[in-house]
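Thanks for asking me to look this one over with you. Please keep the sequence and the 3D view open side by side as you read my notes.

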Amino acid sequence: MQQANQDAWPPEAFRLKLQQWSREVERPLPWRAEKDPYRIWVSEIILQQTRVEQGLPYFQRFLAAFPDLLALAGAPEEQVFKLWEGLGYYSRARNLLRCARLLATEYGGRFPDSYQALLALPGIGPYTAAALASFAFGLPHAVVDGNVERVLSRIWGIQTPVNTASGKKLFQELGQSLLDRQAPGPHNQAMMDFGALHCTPRRPLCPSCPFQDRCHAFLNGQIDLFPVKWKKTAKTKRFFHYLVFRFMDQTWIRQRTEKDIWTQLYEFPLLETDTVELAPETLLRLAPFQGLLAHAQPQRLHPTKIYRQTLSHQIVHARFWEIPLRSEPGPDQTPGLVAVSATGLPQYAFPRIIRWYLDEKNLSLDLF
Ligand code: SF4
């Protein structure tokens, strides 16, 4: 593991430059200077793997629905998932709820005020624990997110990939050594803001940068080379064929309960295959819910265009087969399915790829 050269910027000099920069910039976010651990926690969880512009309306809706920890702890799972719909990474929503309920029952409805105790909570890793510890409780823990890693890697010219265990350790240690222990919250905020607003991934504002005269990447014309990342393996491709059965204004959906992507979200009955192209006869032969298919009109079987959603490790390709039924199926032909009318669909939380399909159907006024 490469050692960061502490001489590139002595901590005191670095902090001084950062403070000067921060005084001149204000990032107008609702959670800036926030001290309430609940609001900090919700914002940090929403912003994991989500851009600020995308996360902001979710944050506002979430707090309007659940203004405090106890409100969230008492919320039904369905409501939380519905509010999370479209944000992706649904394990975050699951952990939010688990954590809120644990805090309500075991911690008297409050967050513990130590880094280690925060770290032990569901869904709270080193990053979120450091954010809560420093922003809410003024404890000296450095927050090192992707923005901070980029800044440090460029200034110090760090070759260790950021997405490896040794890289995480190196960046965390360097961040901690630079921390202003008297004012950890403002320092962390300034570091994150500097990465998000000034030392941006593309086109950083080097000409007006206070660290320019000792920034390794700038001085060596290597800005595009940092942060160094370990090349990830190719994403797995998956091919989903959704069966949109319809009888009058009714369709059938199911909740995903398997240990897989999108657990607890809803979907249409699914046939997963190893190809996106599928002949109607093959679909009819392989599809689940053969009892429902007995009511179908096979000659009217057409798939939609291909929808594509990229996840962290997978790319999902989906086609929707709209299957009109001649007669209404009985409950014994729809085990595990929920019958729902077209107007009732918005109440359920779906993966984004299904929401895109439903939105397009609505736009063309063609939903059932
Ligand atoms: S000089 Fe450029 S690359 Fe270096 S820290 Fe400043 S903005 Fe980032």
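The numbered points below go from the whole protein to single residues.

1. First, how to read the model. This is a predicted model, in which local features need pLDDT of at least 70 and side-chain atom pairs count only at pLDDT 80 or more, while totals for chains, interfaces and linings use all residues. Residues are numbered from 1 along each chain as its sequence is written.

2. The overall picture. The protein has 15 helices and 8 strands; these are DSSP runs numbered from the N terminus, with helices being H or I of at least four residues and strands being E of at least two. Along its principal axes, the C-alpha trace spans about 75 × 50 × 35 Å. Of the 368 residues, 33% count as buried. Here a residue is buried if 20 or more other C-beta atoms lie within 10 Å of its own, exposed if 12 or fewer, and partly exposed in between, with C-beta atoms placed from the backbone.

3. Contacts along the chain. Two residues are in contact if their C-beta atoms, placed from the backbone, lie within 7 Å. Among contacts between residues at least 6 apart in sequence, 69% join residues at least 24 apart.

4. The ligand. How many residues surround the ligand? There are 15, and the closest are Cys199, Pro204, Cys206, Cys209 and Cys215. A residue belongs here if its C-beta atom, placed from the backbone, lies within 6 Å of the molecule. The shell divides into 12 nonpolar, 2 polar and 1 charged residues. In this count Ala, Val, Leu, Ile, Met, Phe, Trp, Tyr, Cys and Pro are nonpolar, Asp, Glu, Lys and Arg are charged, and the others, Gly among them, are polar.

5. Helices at the ligand. Helix 9 (146-156) and helix 12 (216-219) each supply at least two residues of the shell. Helix 9 gives the most, with 3 residues.

6. Is helix 9 mostly covered or mostly open? Helix 9 is mostly covered, as 10 of its 11 residues are buried. Among the buried ones are Asn147, Glu149, Leu152 and Ile155. What covers them includes helix 10 (165-178), helix 11 and helix 12. Trp156 also lies in helix 9, and it counts as buried because it has 24 C-beta neighbours inside 10 Å. The helix is followed by Gly157, whose phi is positive, near 60°.

7. Helix 9 against helix 11. The axes of helix 9 and helix 11 (residues 184-198) come within 8 Å and cross at roughly 80°. The axes are lines fitted to C-alpha atoms, for helices over the stretch in contact, and angles run from 0 to 180 degrees between N-to-C directions. The two helices are therefore roughly perpendicular to each other; angles of 65 to 115 degrees count as such, under 35 as roughly parallel, over 145 as roughly antiparallel and the rest as oblique. Asn147, Val148, Arg150 and Val151 in helix 9 meet Met191, Met192, Phe194, Gly195 and Ala196 in helix 11. By class, this contact has 6 nonpolar, 2 polar and 1 charged residues.

8. Helix 5 has a buried side. Which residues of helix 5 (residues 77-84) are buried? They are Val80, Phe81 and Trp84. These residues cover an arc of only 95° around the axis, which puts them on the same side of helix 5; the arc is that of the directions from the helix axis to the C-beta atoms. They pack against helix 6 (91-106). Glu77 is also in helix 5, but Glu77 is exposed, with 12 other C-beta atoms within 10 Å. After the helix comes Gly86, whose phi is positive, near 100°.

9. Backbone details to check. Most residues other than glycine have a negative phi, and most peptide bonds are trans. Tyr89, in the loop between helix 5 and helix 6, has a positive phi near 45°. Gln264 has a positive phi near 80°, and its place is in the loop between strand 2 (250-255) and strand 3 (266-267). A cis peptide bond joins Phe226 and Pro227, with omega about 0°. Pro227 lies in the loop between helix 12 and strand 1 (236-246).
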